[in-house]
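Here are my notes on the model, as numbered points. Please read them with the structure open.

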Amino acid sequence: MSLPAGSTIGIIGGGQLGRMLAISAARLGYRTAILEPQADCPAAQIANRQITAAYDDPAALAELAAASAVVTYEFENVPVAAASALVAKVPVYPPPRALDVAQDRVSEKTFLNGIGIATADFRPVDTDDELTAALKAFEGSGILKTRRMGYDGKGQRVFRNMEAGGFAGTCEAMGNVPLILESFVPFEREISVIAARGQDGAVAAYDPAENVHRDGILHTSTVPAAIVPKTAEAARTAAAKILSALDYVGVIGVEFFVLADGSLLANEIAPRVHNSGHWTEAACVLSQFEQHIRAIAGLPLGSPNRHSNCVMENLIGDDVLRVPVLLAEPDLMLHLYGKAEARPGRKMGHFTRISRRG
Ligand code: AMP
């Protein structure tokens, strides 16, 4: 059933993704309530209401449920218990199972492999001895990552052509948390697909974007990606498979490595709107944010067609000083997040340059 205009959509998390969801919700005639501990957050500057409390505060979650006709979230580290408890009171999309799968890199890869989607080889690692054994199995090269709470390349350590041995103290240095060693993927490029699934099971996938990272943070997304049509189709098909397997509602971001032969290994799934999909607001009639609101509100999905080629670039920290120059450019869409302080590594905004579709 579709939500009538004027209904309130609850959003857990008050960052820029919540802000852009709130803008799209408003355009479709909905109100928004944000649950976020930080006052005057980017999303609350746009939303109708902020509940200022921790994401797992039971009273605040009850308040959000009472205020909302449907609840969604803008980041994948929402406590699964909190999201699951909400389901008894109000529909929660995407389903909490998607959070459960995406929050742990081992369960994520196990899930992907289980539905026939290839990933890098991996081994769970809890001790230095397990690390030694896993590195030996991967011929001395791999990436050690925290299983949980990693983002923007944080909590990672690269091993290249190392002799297996002498890793005493590594697990402690990584914080004595559960780890995963992934085999090193010699990828040619990285791409991502933003796809949506509606309450009726319909799926819409945008064209894959080619992503370049700097210091572990997304720098640019370019569309079209320099990949053959077969690779693009495989990425879309994999995203659709993930959506169906999770009985998903809403937008998902799926990141892939592209190998020299054009084949794909899935790297990560993000059960939410995604930074590598910001280009959709400038190069498509319907952005990922509107698509997500349509899905969770029970409205029909829109076409993911792209009318332009584009390059999206993030404005990180002091990059925001470029704004006056950027504003002088034609065919450039600027989006700022309303953050007062430009700290290093902080996402302040992004812009998308569009050009005629070739
Ligand atoms: P992640 O936090 O998993 O998205 O990793 C951050 C970045 O590290 C990715 O975008 C890749 O550029 C690189 N990376 C991650 N995992 C691997 C891997 N198994 N092999 C090679 N590069 C990787």
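1. Asn 176 sits in the loop that links α7 (170–173) to β8 (179–183). Helices here are DSSP runs of H or I with at least four residues, strands are E runs of at least two, and both are numbered from the N terminus. The phi of Asn 176 is positive, about 50 degrees, although the residue is not a glycine. Most residues other than glycine have a negative phi. Is Asn 176 buried or exposed? Asn 176 counts as exposed because its relative accessibility is 58%. The cut-offs are under 20% relative accessible area for buried and over 50% for exposed, with partly exposed in between (1.4 Å probe, protein chains only).

2. A note on the basis. This is a predicted model: local features need pLDDT of at least 70 and side-chain atom pairs count only at pLDDT 80 or more, while totals for chains, interfaces and linings use all residues. Residues are numbered from 1 along each chain as its sequence is written, and side-chain values use heavy atoms, with hydrogens and water left out.

3. Glu 139 also deserves a look. Its phi is positive, near 55 degrees, and it is not a glycine. Glu 139 is in the loop between α6 (128–137) and β6 (142–146). With 72% relative accessibility, Glu 139 counts as exposed.

4. Next, the cis peptide bonds. One joins Tyr 93 and Pro 94, with omega about -5 degrees. Pro 94 is placed in the loop between α3 (80–87) and α4 (96–102). Another joins Val 223 and Pro 224, with omega about 5 degrees. Pro 224 falls in the loop between β12 (217–223) and α8 (229–245). Most peptide bonds are trans.

5. Now the sheet. Four strands form an open sheet in the order β5-β8-β6-β7, with antiparallel pairing. β5 (122–125) and β7 (156–159) are at the edges; each has a single partner strand, so one side of each lacks a neighbour in the sheet. The average twist from one strand to the next is 20 degrees. Two strands pair if DSSP finds at least two bridges between them. β6 and β8 run antiparallel and are joined by five bridges. Leu 144 stands opposite Leu 181 in β8. Helix α6 lies across β5, β6, β7 and β8, at about 170 degrees to β5. Axes are lines fitted to C-alpha atoms, for helices over the stretch in contact, and angles run from 0 to 180 degrees between N-to-C directions.

6. His 350 belongs to strand β17 (residues 347–356). It counts as buried because its relative accessibility is 0%. Its side chain makes a polar contact of 2.6 Å with that of Glu 281. A polar contact is a pair of N or O atoms within 3.5 Å; within protein, one must be able to donate a hydrogen and the other to accept it, and residues adjacent in sequence count only if both atoms are side-chain atoms. Beyond its neighbours within four places in sequence, His 350 is in contact (heavy atoms within 4.5 Å) with residues including Met 20, His 278, Met 312 and Tyr 337.

7. Last, the ligand. Of the 15 residues around the ligand (a heavy atom within 4 Å), those that come nearest are Lys 145, Gln 156, Ser 183, Val 185 and Glu 190. An N or O atom in the side chain of Gln 156 is 2.7 Å from a ligand oxygen atom. For the side chain of Arg 105 the corresponding distance is 3.0 Å. For the side chain of Glu 268 it is 3.2 Å.
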